[in-house]
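Here are a few exercises to work through with the model open beside you. Try each task before you read its solution.

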Amino acid sequence: MTEEQSNREGAAEQENAGVLVYSRPGCPFCTSLRAGLRKHGVRFDEVNIWEDEQAAATVRSLAAGNETVPTVVIGSWSAVNPSAEAVREAASEHAPAALPASEPGLVDGTMRALGLRRNET
């Protein structure tokens, strides 16, 4: 495989990347991040590191050997305990399909943050 083909595949992989949030039950920072992402309509997948050893190993590799959550991975971008705004910014570059076509309004965003409305695709 040539370097150019490899670069094209890497770019395609980033375009298809989603927002992956590593979390654990009872984590208040995870709860806050989930609410912030839902409020802004950001679609994400979540993995419980207490139920998935591979996920826990991934988090340790990104968090200097610690199981610090939330840890977020979007394509080649990752962050430990990021703000919802930082995740939105990274998603705009690495996973634009995870973002809504338009920003939810105050009431709709609040209802989503509370889990009373689902993100619509």
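Buried means under 20% relative accessible area, exposed over 50%, and partly exposed in between (1.4 Å probe, protein chains only). Helices (H or I, at least four residues) and strands (E, at least two) are DSSP runs, numbered from the N terminus. The model is predicted, so local features need pLDDT of at least 70 and side-chain atom pairs count only at pLDDT 80 or more, while totals for chains, interfaces and linings use all residues. Residues are numbered from 1 along each chain as its sequence is written, and side-chain values use heavy atoms, with hydrogens and water left out.

**Exercise 1.** Find the buried residues of helix H3 (residues 53-62) and work out how they are arranged.

*Solution.* Start with the list: Ala55, Ala56 and Val59 are the buried residues of H3. Next, look down the axis: they cover an arc of only 100 degrees (taken from the directions from the helix axis to the C-beta atoms), which puts them on the same side of H3. Now turn to the other side, where Glu53, Gln54 and Ser61 are exposed. Finally, ask what the buried residues pack against: S1, strand S2 (45-48) and S3.

**Exercise 2.** Trace the strand partners of S3.

*Solution.* Two strands pair if DSSP finds at least two bridges between them. First take S1, which pairs with S3 in the antiparallel sense over four bridges; here valine 21 has valine 72 as its bridge partner. Then take strand S4 (residues 77-80), also antiparallel to S3 and joined to it by four bridges, with valine 73 opposite serine 78. S3 and S4 form a hairpin with two residues between them, and glycine 75 in the turn has a positive phi of about 60 degrees. To finish, check the side chains of S3: Thr71 and Val73 point one way, Val72 and Ile74 the other, and all are buried.

Key:
Contact means heavy atoms within 4.5 Å.
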